[in-house]
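Q: Please take a close look at one part of this structure, the interface between its two chains. A connected account of how the chains are related and what joins them would be welcome.

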Protein chains: 2
Amino acid sequence: MSPPLVSLDLPDIWPPNFTSSDTPSMQKSFNERTAAVLDGKLVSMEIRSRIADEVSRMKKCIGKVPGLAVIVVGQRRDSQIYVRNKIKACEEAGIKSFVTELPTDCAEVDVCNALLRFNKDPSIHGILVQLPLPQHLNEEKVLDILSLEKDVDGFHPLNIGNLAMRGREPLFIPCTPKGCVELLIRSGVEIIGKKAVVIGRSNIVGLPTSLLLQRHHATVTIIHPLTDSPEKIASEADIVVSAAGVPNLVRGNWIKPGAVVIDVGTTPVEDPSCEDGYRLIGDVCYEEAEKVASVVTPVPGGVGPLTVAMLLSNTLDSAKRILDFN
Amino acid sequence: MSPPLVSLDLPDIWPPNFTSSDTPSMQKSFNERTAAVLDGKLVSMEIRSRIADEVSRMKKCIGKVPGLAVIVVGQRRDSQIYVRNKIKACEEAGIKSFVTELPTDCAEVDVCNALLRFNKDPSIHGILVQLPLPQHLNEEKVLDILSLEKDVDGFHPLNIGNLAMRGREPLFIPCTPKGCVELLIRSGVEIIGKKAVVIGRSNIVGLPTSLLLQRHHATVTIIHPLTDSPEKIASEADIVVSAAGVPNLVRGNWIKPGAVVIDVGTTPVEDPSCEDGYRLIGDVCYEEAEKVASVVTPVPGGVGPLTVAMLLSNTLDSAKRILDFN
């Protein structure tokens, strides 16, 4: 009887004039370079080393270590590589990891059963389902059975609700948004009172990043593919976080001089010269951004390593909570 | 080991230069008046009459009517009046209502017990706890035990999370935000692609309104007391929803010519000439706004009546869902 109020989801397709994977040709000279590079690798190594210390302290004190379970469905090359990196990072930090690999054409019940086993397993303190799942699986249904106490990705709607609401605390903050804000805080970037623009509104990055920046008292605007004149809105922001997944979307004219630019985009493009056969390209046209921004994160080596570090941090926090260890 | 990531809640106190309850002196002439008035009363009467029809159809078909339970603690005059209005609206629509009144100094367990009784009662399809609760009661703890299926106010964090996340549907949309968007839609205001500014970020109005406008594909910015130059940001918006609770916060220079302005503010001020001893003042300086905006909602008679209509609508929807009636 009323007009539909939340059933208007539209696919987020960025207009073609914004989607060019060519690096714009722009004269580059060393003199013009002004932006500092936020080295995510360095910050992440620091965090991971402290996590390793905590894990070994836990092992000494109570004879237990955190355990992370990963469920990966299918053979997506990027998923395989992400999972491999997460497992490697766990090993280095002393966190036990368990991987369940399921074939692309597995049934939903197989994924759910694997999840339920990990939910019950007391040696597992964090579970993540590597997204995206193959089309025939219902992501929402699968994620809904994941134990809230082990949802180290923080994607459960109750976690997102608690992140959104003032006065409440989510059990986990999603790893990439947490990594972005951690990077800002550790780099001495003031967030409170600043104008922040988040480009993209995915449940995994854009939305929780906007909510987290809001909790840090930024004045936040979310830009999405239906936004009118996004470059004008972005160019008024002190902090730009781009998570659109569109190579070179954010050109020089999208950036206010002196702004801080966090590039979360990681679009894989074929490159036989790279070890894995492809390389990752960010959303930000780096050559142009570095001439305008005060700080830019590179891709790769910016937010990516932080995401992995935050996953370890969430897993450690979860183990501490479950095992009542401080 | 990491800097605190969401524990930075600050009280939302608007700076004194914005908080004047005096109506600014400005020459007013009939000729200058341009804004259309969005009559919330009229729209709400329409909606309530359709709800009454549905309730009577339900009664005829299955012999049952929706039931709404209200818990009110203490003697706050505004709460008493709000509750009285809600009950009256229920009666007029044929919805059964139940009120539990508890003394200001009651224990948390008393509120929880009342809630638990309503949770179990099959004749109750919606429960609301009139906010704010007295200081000594933990609002979060109380609201957390309210049955999700009967949370017609939509304030449960799981509802808020599902409202925030693309592809998900909350069981209930909070009444005031739903009323604002309903008013916009029914008045033919296009939301998609428009710049919207929400002033205030309360869990009850500001936050869910911003999430709902976002779901309708507006480009949303939230202004709060720590926002720099809020008047500049507001004056770029096509749609302004003000829910700050600060009389006359939104002056003429906050509004873009032709913008649509929804005033959710309702600050009670003493007025012996009024029936209840006070009258409500909105956030928007109406005299100035009506000269700049294309559409303005009045206070009272704007969003307020819609909030009540949406509460009835949520209660009806809940009863239909629980009783499996279509």
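A: The model is a predicted one. Chain B can be superposed on chain A with an RMSD of 0.0 Å, by a turn of 180° and a shift of 0.0 Å along the axis. The two copies are thus related as by a two-fold rotation axis. The same surface is used by both copies, since 100% of the contact residues of chain B recur in chain A. Within chain B, the residue that comes closest to the rotation axis is B:Gly161, with its C-alpha at 1.9 Å.

The extent of the interface can be stated in residues and in area. In contact are 65 residues of chain B and 65 residues of chain A. Between them the chains bury about 5,500 Å², and carbon and sulfur atoms give 56% of this area.

Several elements of chain B give two or more residues to the side that touches chain A, among them helix H1 (40-62), helix H4 (139-145), helix H6 (175-186) and strand S6 (219-223). The largest share, seven residues, is contributed by H5(B). By residue class, the side of chain B that touches chain A divides into 32 nonpolar, 15 polar and 18 charged residues.

The salt bridges may be considered next. Four salt bridges are counted between chain B and chain A. In one of them, the side chains of A:Glu140 and B:Arg168 meet at 3.6 Å, N to O. Over all chains, the whole structure holds 31 salt bridges. B:Arg168 also meets the side chain of A:Asp144 in a salt bridge, at 3.2 Å, N to O. This pair joins two chains, because B:Arg168 lies in the loop between H5 and H6 of chain B and A:Asp144 lies in helix H4 (residues 139-144) of chain A.

Six residues of domain 1 are in contact with seven residues of domain 2. The area buried between the two domains of chain A is about 520 Å², with 47% of it on carbon and sulfur atoms. On the domain 1 side, A:Arg77, A:Ile81 and A:Tyr82 lose the most area to domain 2, together 69% of what that side buries. The count of salt bridges between these domains is zero. The domain 1 side comprises three nonpolar, no polar and three charged residues.

Finally, some backbone features of chain B deserve mention. Most residues other than glycine have a negative phi, and most peptide bonds are trans. B:Leu131 and B:Pro132 are joined by a cis peptide bond, with omega about -5°. B:Pro132 is placed in the loop between strand S4 (126-129) and H4 of chain B. The peptide bond from B:Val299 to B:Pro300 is cis, with omega near -5°, and B:Pro300 belongs to the loop between strand S11 (295-296) and helix H10 (303-323) of chain B. B:His217, although not a glycine, has a positive phi of about 70°; the loop between H7 and S6 of chain B holds B:His217.

Terms used. Residues numbered from 1 in each chain as written. Chains lettered and ligands numbered in written order. Predicted model: local features only at pLDDT ≥ 70, side-chain atom pairs only at ≥ 80, totals over all residues. Heavy atoms only, no water. Least-squares fit on C-alpha atoms with pLDDT ≥ 70 in both. Contact = heavy atoms within 4.5 Å. Buried area = accessible area lost by both parts, 1.4 Å probe. Helix = DSSP H or I, 4+ residues; strand = E, 2+ residues; numbered from the N terminus. Nonpolar A, V, L, I, M, F, W, Y, C, P; charged D, E, K, R; others polar.
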